Amino acid sequence: MFQTETQRGDQGSGVSYLLLPRRNHDRGFAIAVAFNQLVEDHFHDPTTKIGKEVICLERVLNETLDGRFSGKRVNLIDLGAGNGQKAVLVLEALLRDDAQAVDYFPIDRNRYLSKYAIFKVISSRRVQPTRRDIAALLCRPNEPELVEQVATENVSLDELVAMSCDTSDHLAPIELGGVTAPNQGLDVDFVRDAAATYRAVRELGWYREGITIHCLLGRTIGNYAAQARRRFLSDLQQEMSPGDLLLLDAGLRPEPDSDSEAVPRWIRQMEKDYLVGEHFMRFEADTEGSAFQVDYDRTSKKVRYGFKRPDGSIQKMGSSYLFHASELLDTLRESGLRILCSQTSAEHPPAMSTTSPGSGCMTIVAEKPHEGSP
Ligand SMILES: C[S@@+](CC[C@H](N)C(=O)[O-])C[C@H]1O[C@@H](n2cnc3c(N)ncnc32)[C@H](O)[C@@H]1O
């Protein structure tokens, strides 16, 4: 079946280069390969930013899934799917909770990343896909030799993504072991237009009535300005049906916002944790030899990323807002959602730890309540 471990160092060279359709050999693909590699490398390391997100996610899944999904059909909408590795955890937990079936909908503006997500989700089912499934996944129905090669050989995940990212609008469902995924992700800006995002999902034709879980993981919410965050959450709440869930994580800032001696140390460690962003942001640096920088600004409460060019000027690469835990919970409540459970990473107790500082994370499950419920 599909080999899901990425082979190091083969992007842009050797067989993967040969298999790459020229128009696809672009920056988006390079970013996707690097992002996938980073997530694979850090996923099981609890000292990393990604590893902390995974721990919090596992904890909230254990707490929330107590038979709630037994016998139910679940739509799993992955907003900013990335490489889909966290979606696999959610999916496995849902099936352990006896969900009857799961329909997976990856949404990402990087279509290569959506493709990683689809391959990861499909290959997690450990069911042999048919040649028809493979042809659909590769978006290459008219190339039986290629389909045959993929079906019979170990082709690396990077190669599969490269050869399957067609720009055609042809969308087909793949159904394996109780999970349905589309052959391509949806390329919609879910923050700018929540209504269009959900219209696109529903128009797929295999979106079914059932409980919908909206995932927004990887601290993505912090990438948006306060107004955009609030509008997004309120638009999302409008799209949700009563009983639907939002599974969200976010970065936490040093608490209390005090002058305690530990704060500067905590901040330095956090900045170090966020440095891994260079791995995929490097592809967007406009000057060779520029140095990646991360700093936490205590006034705006944002981690800021940039490249310092050799002439000393800065190429700004964006920022991530870090929340106060109660602020995030309040924001969700103000959007009309009810908090079912929340978890923070171990080194971020309310009284700030001085022994193991770092990038604190909080993961929350919130529900759209039924009318009349408290
Ligand atoms: C921080 S990564 C998180 C990936 C994944 N959820 C995880 O936790 O590993 C954010 C992802 O969301 C995508 N993304 C961010 N904002 C988006 C938007 N407004 N519309 C579509 N995709 C977006 C990015 O391309 C990226 O893959």
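This is a predicted model: local features need pLDDT of at least 70, side-chain atom pairs count only at pLDDT 80 or more; totals for chains, interfaces and linings use all residues.
Local features need pLDDT of at least 70 and side-chain atom pairs count only at pLDDT 80 or more, while totals for chains, interfaces and linings use all residues. Residue numbers start from 1 along each chain as its sequence is written.

The sheet is open and has eight strands, in the order β3-β4-β2-β1-β5-β6-β11-β10, with mixed pairing. Strands are DSSP runs of E of at least two residues, helices are runs of H or I of at least four, and both are numbered from the N terminus. Two strands pair if DSSP finds at least two bridges between them. The edge strands, β3 (173-176) and β10 (338-344), each pair on one side only. From one strand to the next the twist averages 20°, with axes fitted to C-alpha atoms and angles taken from 0 to 180 degrees between N-to-C directions. Within the sheet, β1 (residues 73-79) and β2 (residues 101-107) run parallel and are joined by seven bridges. Leu76 stands opposite Tyr104 in β2.

The ligand is surrounded by 16 residues, of which the closest are Gly80, Gly82, Arg109, Leu217 and Gly218. A residue is near the molecule if its C-beta atom, placed from the backbone, lies within 6 Å of it. This shell divides into seven nonpolar, five polar and four charged residues; Gly counts as polar.

Ala228 belongs to helix α10 (residues 226-239). The C-alpha atoms of Ala228 and Val191 are separated by 7.3 Å, although the two residues are 37 residues apart along the chain.
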